[in-house]
Amino acid sequence: VQTVVDEGLAQPTLIGRRDVILEKTKQLGLRLDFNKDARILDPQADREFFAPLTERYQRMVERRGVQPESAARWIATRHGIAAAMLLEAGEVDAALCGGLGDWTRQLQNILPIIPRQHGVSRLYSLAALILPNGALFFCDTHVNVDPTAEQIAEMTQLAARTVRRFGLAPKAALLSHSSFGTSHAPSAIKMRKALSLLRAASCDFEIDGEMHADAALSDVLRGRVVSTSPLTGSANLLVMPSLDSANIALTLLSAATEALLVGPLLLGVSKPVHVMVPSVTARGIVNMTALAVAQAAAHA
């Protein structure tokens, strides 16, 4: 938080027990001025502030099997819910949740609060590794176990827009165990169908598939298999056929290279909200803050 303030990225709102946050700030020797640089909101103590948010959340979840008493308790004790409600109400411009506990449950907590973008069928996730030779983006690393061809096409377009926010031209490769038609397995057929859908949508970025991961990163290897490809150089957006393959590739490469992990970023949400993984570092939180601020500015 101190870095976020020092670099002028945002005016943070911290959600939690005020006495605990103040004590931790003192222990760490931070220079935060909670009357100027940042603010603390304590859902259990600031009852007047949170009363209308609690009532609104109760209405949101009352037809999801959640009793009013449970909803009031959740917004007071589950800080991701409180953060999402602040975002939904316009009290903050973006929200970062998670960092502790089960990532999927954290995501499920915010789904009833922040809707999908108009025209988007579901949410997806995108993560990036910043390597010495550039950034690699992986999709879908955390949300959809076995996406359909239509969902792969949709996530690829959403991911390409996010890659552009990093100041990069998206170059997408649809990955598979199959190399340009060598397999007729269901997953290979799915990736070929996704490519057809993307081509029919006249995407404004380079894309090709289905291909091996090494071919995605080397136009020399691709040239040994196909004589022409709209994908030039090395792909920077790797779209996987399943959550297993995307998550394994991301975490394996992250551990093997000690690359800087950014994300996961939620794709398809109507407002900038992201759920951080428990392994997120302080620098990772700063990077996620910067991205969320940029998204908020784009939404404004």
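The largest cavity has a volume of about 50 Å³. The model is predicted, so local features need pLDDT of at least 70 and side-chain atom pairs count only at pLDDT 80 or more, while totals for chains, interfaces and linings use all residues. Residues are numbered from 1 along each chain as its sequence is written, and side-chain values use heavy atoms, with hydrogens and water left out.

A search of the whole structure returned 1 cavity of 30 Å³ or more. A cavity is here a set of points, on a 1 Å grid over the protein atoms alone, where a 1.4 Å probe fits but cannot get out; lining residues have an atom within 4 Å of a point. Grid points are joined across faces, edges and corners, and a volume is the space filled by probe spheres set on the points. The lining of the largest cavity consists of Thr162, Arg165, Phe166, Leu265, His274, Leu291, Ala294 and Gln295. Two or more residues of this lining come from each of the elements α7 (149-165) and α12 (282-299). Helices (H or I, at least four residues) and strands (E, at least two) are DSSP runs, numbered from the N terminus. The most is given by α12, with 3 residues. By class, 4 lining residues are nonpolar, 3 polar and 1 charged; Ala, Val, Leu, Ile, Met, Phe, Trp, Tyr, Cys and Pro count as nonpolar, Asp, Glu, Lys and Arg as charged, and the others, Gly among them, as polar. At least three lining residues are drawn from each of domain 1 (1-115 + 269-299) and domain 2 (124-257), with domain bounds taken from an automatic or database domain assignment.

An open sheet of 6 strands has the order β7-β6-β8-β5-β4-β9, with mixed pairing. Two strands pair if DSSP finds at least two bridges between them. The edge strands, each pairing on one side only, are β7 (206-211) and β9 (260-267). On average, neighbouring strands of this sheet are turned by 20° against each other, direction ignored; axes are lines fitted to C-alpha atoms, for helices over the stretch in contact, and angles run from 0 to 180 degrees between N-to-C directions.

Alanine 173 is opposite aspartate 208 in β7. Strand β7 also contains glutamate 210, which a cis peptide bond joins to glycine 209, with omega about -15°.

Leucine 260 in β9 is the bridge partner of isoleucine 130. Because 6 of its 8 residues are buried, β9 is largely enclosed by the rest of the structure. Buried means under 20% relative accessible area, exposed over 50%, and partly exposed in between (1.4 Å probe, protein chains only). Proline 264 lies in β9, and the peptide bond from glycine 263 to proline 264 is cis, with omega near 10°.

Two loop residues other than glycine have positive phi. Phenylalanine 180, with phi near 50°, is in the loop between β6 and α8 (186-200) and is partly exposed at 21% relative accessibility. Glutamate 258, with phi near 60°, lies in the loop between α11 (243-257) and β9 and is exposed at 74%.

Methods
1 Å grid on protein atoms, 1.4 Å probe; cavity = no way out; pocket = protein on both sides within 12 Å on 5 of 7 lines; lining within 4 Å.
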